[in-house]
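The structure is shown first, and the description follows.

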Amino acid sequence: MGKLKVVIDRIICEGIGPCAEETDMIELDKKHKAVFLEPGKDKQQLFKEVEEKKKQVVEIELPIDKEEEIFRAAEACPVDAIFIYDAETGEQLYP
Ligand code: SF4
């Protein structure tokens, strides 16, 4: 699909967690907020970086199976805290 922009809204996120069951790319931090684990970044460093942010925004190109996973994770979120956009066109793909 090309590059995706994944936005996790940490205000909306209620830390319920089904997103993290769908993919190993998302884990909950100590505030029970979902964090997208950016490849190549140290997890603890990343948790610290996003801790005070309202949103975590990641632009990433993923293999198709991982792309499907992130959509499943977004769909699993009961409060729609995970937004997915086409990074090139800005089109909102989910929700
Ligand atoms: S499923 Fe939604 S509310 Fe629950 S941790 Fe994931 S993003 Fe947050």
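In this predicted model, the buried residues of helix 3 pack against strand 1 (3-9), helix 1 (18-22), strand 2 (26-28), strand 5 (82-86) and strand 6 (92-94). The residues concerned are Ile70, Ala73 and Ala74. Viewed down the helix axis, these buried residues fall within an arc of 100°, so they line one face of helix 3. The face turned away from the buried side carries Ile64 and Asp65, both of which are exposed.

The length of helix 3 can be checked against its residue count. Helix 3 has 13 residues (64-76) and, at 1.5 Å a residue, should span 18 Å; the C-alpha atoms at its ends are 18 Å apart, which agrees. Glu68 also lies in helix 3. This residue counts as partly exposed because it has 14 C-beta neighbours inside 10 Å, where a buried residue would need 20 or more. Glu68 and Glu22 are 46 residues apart along the chain, and their C-alpha atoms are separated by 9.9 Å.

The largest nonpolar core has 19 residues, of which Val6, Ile8, Ile26, Ala34, Phe36 and Ile82 touch the most other members. At least two residues of this core come from each of strand 1, strand 3 (34-36), helix 3 and strand 5. In soluble globular proteins, nonpolar side chains tend to be buried together.

Leaving aside neighbours within four places in sequence, Ile82 is in contact with Val6, Ile8, Cys19, Ala73, Ala74 and Cys77. Ala34, found in strand 3, counts as buried because it has 25 C-beta neighbours inside 10 Å. Not counting residues up to four places away in sequence, Ala34 touches Ile8, Cys13, Cys19, Ala20, Ile26, Leu28 and Ala81.

The remaining points concern the backbone. Most residues other than glycine have a negative phi, and most peptide bonds are trans. The table lists departures from this pattern.

| Site | Backbone feature | Value |
|---|---|---|
| His32 | positive phi, not a glycine | about 60° |
| Asp80 | positive phi, not a glycine | about 50° |
| Tyr94 and Pro95 | cis peptide bond | omega about -5° |

His32 is in the loop between strand 2 and strand 3, and its 11 C-beta neighbours inside 10 Å mean that it counts as exposed. Asp80 is placed in the loop between helix 3 and strand 5. With 13 C-beta neighbours inside 10 Å, Asp80 counts as partly exposed; the limit for an exposed residue is 12 or fewer. Pro95, joined to Tyr94 by the cis bond, is in the segment after strand 6.

Methods
Residues numbered from 1 in each chain as written. Predicted model: local features only at pLDDT ≥ 70, side-chain atom pairs only at ≥ 80, totals over all residues. Helix = DSSP H or I, 4+ residues; strand = E, 2+ residues; numbered from the N terminus. Expected span 1.5 Å × (residues − 1). Arc of directions from axis to C-beta. Contact = placed C-beta atoms within 7 Å. Core = buried A, V, L, I, M, F, W, Y, C linked by C-beta atoms within 7 Å.
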